[in-house]
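Please look over the structure below with an eye to a few individual positions and their surroundings. The report that follows takes them in turn.

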Amino acid sequence: MKDFLIAPSILSADFARLGEDTQAVLDAGADIVHFDVMDNHYVPNLTFGPMVCKALRDYGITAPVDVHLMVRPVDQMIESFLKAGASYITFHAEASDHVDRSLQMIRAGGAKAGLVLNPATSPSCLEYVMDKLDMILLMSVNPGFGGQKFIPATLDKARKVREMIDASGYDIRLEIDGGVGVQNIREIADAGVDTFVAGSAIYGADDYADVIKQMRSELAG
Ligand SMILES: O=C(CO)[C@@H](O)[C@H](O)COP(=O)(O)O
């Protein structure tokens, strides 16, 4: 099992002061920046694109940026985010016509590659691409919005995917996204997850450092 990473979703940050509010969660103890890209096509909401990712790099964000593409098609956005400084690029299994090729593009461009599974998507889509994955992201809400309730069936899926990762022998992170907070992070870790996206739980707190500390304390317990 890998070390635990906490990845605040900047979907819940103050967009008017995005650089500052991104640096603030890193200064508060977060490990990586989760960057939610929505296109009002694959998901019913619209956020930000590669120019904003580059702007964060230019602002001085040096932490890994974990780009979660909720867009269709995906390949043009992969190219753009590779140029914009993404560290991880993940996309939804249903959104690419050629999942294997899209994964190869990400690694060939120097980033880490990942596949995202919606709540109703079966882990079977991972079976023939395990060798091309650096991350698997399990959605524990339906994608499109922050602040939703964690879907409990995701825990069973996390256990199954953890078994697949361990059996494969590949070095793959297991990330979860949606409804994660201090109250359930331990249970999620026990299901085999090592990377935790949290938007409203962190950005909705008065003290970012305090909530991240509470999450780490739950993970250590
Ligand atoms: O990708 C998404 C939503 O589509 C997530 O990253 C949410 O932004 C998580 O938000 P919280 O549930 O933690 O508020």
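This is a predicted model: local features need pLDDT of at least 70, side-chain atom pairs count only at pLDDT 80 or more; totals for chains, interfaces and linings use all residues.

D177 is found in strand β7, which covers residues 173–177, and, leaving aside residues up to four places away in sequence, D177 touches L137, M139, S140 and V197.

H68 lies in strand β3, made up of residues 65–70, and H68 is likewise buried, with 27 other C-beta atoms within 10 Å. Not counting residues up to four places away in sequence, H68 is in contact with H34, F35, D36, V37, T90, V116 and L137.

I78, by contrast, belongs to a helix, α3, spanning residues 75–84. With 24 C-beta neighbours inside 10 Å, I78 counts as buried, and its contacts, again without residues up to four places away in sequence, are I89, S102, M105 and I106. Between I78 and F91, which are 13 residues apart in sequence, the C-alpha to C-alpha distance is 8.9 Å.

The C-beta counts are set side by side here.

| Residue | Other C-beta atoms within 10 Å |
|---|---|
| H68 | 27 C-beta atoms, buried |

Methods
Residues are numbered from 1 along each chain as its sequence is written. Helices (H or I, at least four residues) and strands (E, at least two) are DSSP runs, numbered from the N terminus. A residue is buried if 20 or more other C-beta atoms lie within 10 Å of its own, exposed if 12 or fewer, and partly exposed in between; C-beta atoms are placed from the backbone. Two residues are in contact if their C-beta atoms, placed from the backbone, lie within 7 Å.
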